[in-house]
Amino acid sequence: MDVWKRSPSPQESWSDAEGGNENGEWPIKGIVGEEIDPDGTLRYEVRWGNWSRKDGTNTTWQTDIPDRIDLVNRWKRMQRLKRHALVQDGLDMEVAWPDDAVHKRFTSLRAQAYEEKKHKELDTNPSAADWDKEIELACRRTDEPDAEDGNAASRLRVRRGTPRSSTSSDVPRTSVKRTRTLTPSNPPSSSTRGYSAMRNASPSIGDDTFRSLMFNKLSTSLVESPRGSGISKDVAEGSKNIITGHSVKPAHASTSAGLPKTPRSDVKGDIIFVRPVKPLHGRARLQSNWNQAAKEAGAATIRISNEIADAEIGPHLYKFKYMERKYHFGNLGLRSIFDVDTGAFLACVCTKCDRASQCDCQTESEITNERGHKLFAYNGGLFAFRAPQGAEVIECNKYCRCSQTCDNRVAQKPRDISIDIFKTKQCGWGARCRDALPRGKVLGLYTGTLLRREDVDNLPPEHIGYVFDLDGTEIRGQHNPGDKFSVDSYDCGNWTRFVNHSCTPNMKVYSVVFDTIREVNMPYVAFVAFRDISAGEELTIDYEPSAAEEIAAGTGKQKQKMSPTALLCRCGAEQCRGWIKQ
């Protein structure tokens, strides 16, 4: 299509370049990259020796290098080996970022060995192109007499003459899930396709569709249907119950050893191929567990990038309890403090919370305008950055009469953006979002085990890097009365535990209450976009915002003496402070 044709590359000017030989030729150092145009044209990124542009770059794109065929062949050989290694590693495919241009997709697919992975899969399982042949063969088998009794020699067990039904719990656990792509996330995340078929006409059984459920005692082939047949949610999620639309009486339940005889007849129904579930391991297992917990909380997916190898996942993460929201209370005494009596809450009677000054639950809110009139912390669902230092955001609580769609219920709502956990270049694992985020978008809450701050010193050393002090209402240099608490997300928590530090972060944190009251000093910590964030950009916060405030106020020194317990900062920001206090 002309609309996707690549614009002509500007002609390079070699006349004023130095470093060439007497014939005006420059040496090629090698091929360093490749791209595939939408029309299938392969182009190589060539790095030159003794030549560069004014901006310092020294590569050009070539469709061929006729005088250095050896370099091209070597590059092709290396790429084939690389793609072969990717196929052996697994058949997962990355999903392109939503803002990627179309012309990048072909290059991305080739880099991930898409064609090689597809051929390997087709060698393992029947392709969609063979679907009709498979179905006709299955239908012919159902008409054979021995397919109706328990001694059937066919590899497929066939149930005939019964309404569409759910199988009994004796049937081996089955699944029709096959991971192709990784989209949390994720949460998370993977692409799931149901395998079924509905045949409206068959030369062997007449105009009525024959409905049956076929099992192999060990396994059966999975055939992708070119037509949707509506496999139930239970089948798509690997449930023991495979429901095709009608109920079944317990007396009709089947077992894996064989199916009961039924009268021979033409009955409407589906043909569904199933196979036993393969247990998940490593990254896939972790991602599945986290997404299940996120789903139960109504949150979007979590995706763990396949950049993270299974060997990089520590044993403690398999025991990690994913908690999208709410704290874990290892100390029941703290739980009793958090769960205050109903009478302690200030609740509004609004049908719609339009004005904070008329909303009873905002009586203790410290967010006001210059005239002292109370304001909500949010504007159109986005955080408005109106809360002064040391102030908590008070959202409508469970005793308020307003609906769950109230504009003053934001941080308490389930996360509606998918999160990717990925491997950064220098800072271990990190978190990013697949979608562009506007300033003020609330992304989630920091969760984990709530404990008294004086107990933090008793934690194992590996926990310290995951402790978040609930000090949002504390003001430096002043007496801050009341009990003080922290949150430890080493053993339980959510995706926010992977958010890395940056001296110039793109997120801020603020304290918010809705499950309890301000006086107990147990707010939640909410993460909010401090500026517009591009899709795929790593999400970061400042682990020590007070240091940035001192520098901004001119009271801190740009170069400070490093604390003995400090960590070297690797955020890479232009205004990096060099270290992080621990």
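1. Ile28 stands opposite Trp48, a residue of strand E2. The model in which this pair is seen is a predicted one.

2. The pair belongs to the contact between two strands. E1 and E2, the latter covering residues 42–48, run antiparallel and are joined by seven bridges.

3. These two strands are part of an open sheet of three strands, ordered E1-E2-E3 and paired antiparallel. Strand E1 (28–36) and strand E3 (59–62) are at the edges; each has a single partner strand, so one side of each has no neighbour in the sheet. On average, and ignoring direction, neighbouring strands of this sheet are turned by 30° against each other.

4. A helix accompanies the sheet. Helix H1, residues 69–89, lies across E1 and E2. The helix runs at about 50° to E1.

5. The largest nonpolar core has 59 residues. Those that touch the most other members are Trp290, Tyr378, Ile421, Val442, Trp495, Tyr510 and Val512. Strand E23 (residues 524–529) supplies the largest share of this core, six residues.

6. What is Trp290 in contact with, leaving aside its neighbours within four places in sequence? The residues are Ile302, Ile304, Leu317, Phe320, Tyr322 and Phe498.

7. There is also a second, separate core, made of 13 residues. Trp26, Trp48, Trp51 and Trp75 are among them.

Key. Residues numbered from 1 in each chain as written. Predicted model: local features only at pLDDT ≥ 70, side-chain atom pairs only at ≥ 80, totals over all residues. Heavy atoms only, no water. Pairing = 2+ DSSP bridges. Helix = DSSP H or I, 4+ residues; strand = E, 2+ residues; numbered from the N terminus. Axes fitted to C-alpha atoms, helices over the stretch in contact; angles between N-to-C directions. Contact = heavy atoms within 4.5 Å. Core = buried A, V, L, I, M, F, W, Y, C linked by side-chain atoms within 4.5 Å. Buried < 20%, exposed > 50% of the residue type's maximum accessible area, 1.4 Å probe, protein only.
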